[in-house]
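Please read this briefing with the structure open beside the text. The points are grouped by topic.

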Amino acid sequence: MAAKCVLLPVVIALLFQSMSAKMEKSFDKFLKSDHTNNWAVLVCTSRFWFNYRHVANVLSIYRSVKRLGIPDSHIIVMLADDMACNARNPRPGTVFNNANQHINVYGDDIEVDYRGYEVTVENFIRILTGRLPSSVPRSKRLLSDERSNILVYMTGHGGDGFLKFQDSEEITSIELADAFEQMWQKRRYNEVFLIVDTCQAYSMTQKLYSPNILGVGSSLVGEDSLSHHEDPAIGVHVIDRYTYYVLQFLEGVTPNSKATVGDLFSYTTPNLVISTPGVRSDLFKRDPNKVLVTDFFGSVHSVEISNSSATDVKQESLCRGDGCSAPVRDNRPKTAEKRVLREQFPTTARKELVVDRGVKITERNVVVVVERKELECGVREGGMEISGGVSGICCSVCGIDWRGLPAINLLQYRRRHKEINVT
């Protein structure tokens, strides 16, 4: 009896521990993000050559989110000035975020949606709230929904409760908070991660009141946000300190990484940034230490693959009443052979007229034959290039030298060869 009394507390403790573990696992599952798509709004609000670093900040974040999986169609880029084409840039068409100039963050595939004087407070708020004119194309719209996680990154010059645009107007923390509230009321986001890199940046998060927003500023109220280093070749600073160390952290993140936003906050310490980053997390329902960085900086989704095609789906009976007859049976022949694309979408044969030497004419194109060898468009043979038709050869049928002339289409070729019946 005494032994049972001794074991009873141990059993109860084990049961309580097991229940606690199950509850914690269930709670963690509840806190897991249920978003289905990611968007990024990246804003540089500064003009003039001496603000080169602010453009580099945005382009660096742009490069990181693209590398982690967010496509250009889901990224809105606003650059108040074009440093790549500035007359003071010794290397036109490039923007570097490091004095070593290892990576051109401007690249050759960047898509800037709003540039120059298009970067205004009004346009920024219209983008967030979706209240753009009907003439604005889809590529310049934030087409988010209630299952969207949105990264909003802003950099420039600011102060206590405001951020300057174009050095001529300002957006206040109250206006920004009201814009996010409109987004929430219109079901335009699931969660928002707001990053502001400017002087007294944390003040831009203090007026927020909408749910599911996680905000971080590079410096507290009363503190300046400093630049990291300058490039002597261009005479200006090339990146800000906070963004520099955010990028340094992101370089170690992959699309399948388990790094969390809490790890990012722990990495950007005041000793590195030389200012005190401020975090606003009271509106955010999840623990930042359990929120993956890729929930905002990446675009990773679970995909379910099925072998069945639309033609294999059985048609449901249209009858819904009690007196319906038996469902119609599928009398199609059953086969175990796997369908291939050619069988589902058969191609029609094209009429052809083959000339022994010189050319081969089809209904859609003209293919050149040199030494009885058919060359597809774009293939080089013996230094001659065929591009979209007869080009770069001397035609043995009509005797016309096509070298140096632009490619012609089939209609033009028929006009040159009236004696050939192409039917």
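Predicted model: local features only at pLDDT ≥ 70, side-chain atom pairs only at ≥ 80, totals over all residues.

Residues are numbered from 1 along each chain as its sequence is written, and side-chain values use heavy atoms, with hydrogens and water left out.

**The chain as a whole**

- The protein chain has 10 helices and 18 strands; helices (H or I, at least four residues) and strands (E, at least two) are DSSP runs, numbered from the N terminus.
- Of its 423 residues, 43% count as buried. Buried means under 20% relative accessible area, exposed means over 50%, and partly exposed lies in between (1.4 Å probe, protein chains only).
- The chain exposes about 24,300 Å², and carbon and sulfur atoms supply 52% of this area. Accessible areas come from the Shrake-Rupley method with a 1.4 Å probe, and for residues only the protein chains shown count as cover.
- Among contacts between residues at least 6 apart in sequence, 66% join residues at least 24 apart; a contact means heavy atoms within 4.5 Å.

**An open sheet**

- Seen in order, the 7 strands of an open sheet are β3-β2-β1-β4-β8-β9-β12, and the pairing is mixed. Two strands pair if DSSP finds at least two bridges between them.
- Strands β3 and β12 stand at the edges with a single partner strand each, so one side of each has no neighbour in the sheet.
- Strand β1 (residues 37-44) runs parallel to β2 and is joined to it by 5 bridges. Leu-42 stands opposite Val-77 in β2.
- β1 also runs parallel to β4, with 8 bridges between them. Here Asn-37 has Ser-148 of β4 as its bridge partner.
- On to β8: this strand pairs with β4 in the parallel sense over 7 bridges, and Ile-150 stands opposite Val-192 in β8.
- Strand β4 (residues 148-155) is mostly covered, with 8 of its 8 residues buried.
- In a regular strand the side chains alternate between the two faces of the sheet. In β4, Ser-148, Ile-150, Val-152 and Met-154 point one way, Asn-149, Leu-151, Tyr-153 and Thr-155 point the other way, and all are buried.

**Salt bridges**

- Side chains of opposite charge can pair when their charged atoms come close. A salt bridge is a side-chain nitrogen of Lys or Arg within 4 Å of a carboxyl oxygen of Asp or Glu, and the whole structure has 12 of them.
- Arg-115 forms a salt bridge with Asp-82, with the closest N and O atoms 3.4 Å apart. Arg-115 lies in strand β3 (residues 114-115) and Asp-82 in the loop between β2 (75-79) and β3, so the pair ties together parts 33 residues apart in sequence.
- Arg-115 counts as partly exposed at 35% relative accessibility, and Asp-82 also counts as partly exposed, at 23%.
- Glu-191 and Arg-286 form another salt bridge, with the closest N and O atoms 2.8 Å apart. Glu-191 is in strand β8 (residues 191-197) and Arg-286 is in the loop between β12 (278-280) and α8 (294-297), so this pair ties together parts 95 residues apart in sequence.
- Both Glu-191 and Arg-286 are buried.
- Asp-282 forms a salt bridge with Arg-280, with the closest N and O atoms 2.4 Å apart. Asp-282 counts as exposed at 54% relative accessibility, whereas Arg-280 counts as buried at 12%.

**Arg-141, a buried charge**

- Arg-141 lies in the loop between α3 (121-129) and β4.
- Arg-141 is buried yet has no salt bridge, and the nearest side chain of opposite charge, Asp-113, is 11 Å away. For charge, Lys and Arg count as positive and Asp and Glu as negative, while His and the chain ends are not counted.
- A polar atom of the Arg-141 side chain lies 2.5 Å from the backbone oxygen of Pro-133, and one lies 2.9 Å from the backbone oxygen of Val-136.
- Not counting residues up to four places away in sequence, Arg-141 touches several residues, including Trp-39, Ile-76 and Leu-132.

**Ser-257**

- Ser-257 is in the loop between α5 (241-250) and α6 (261-267) and counts as buried at 14% relative accessibility.
- Ser-257 and Leu-68 are 189 residues apart in sequence and 9.9 Å apart in space, C-alpha to C-alpha.
- Ser-257 touches Leu-292 and Thr-294, not counting residues up to four places away in sequence.

Definitions and conventions. Polar contact = N/O pair within 3.5 Å; in protein donor to acceptor, adjacent residues only side chain to side chain.
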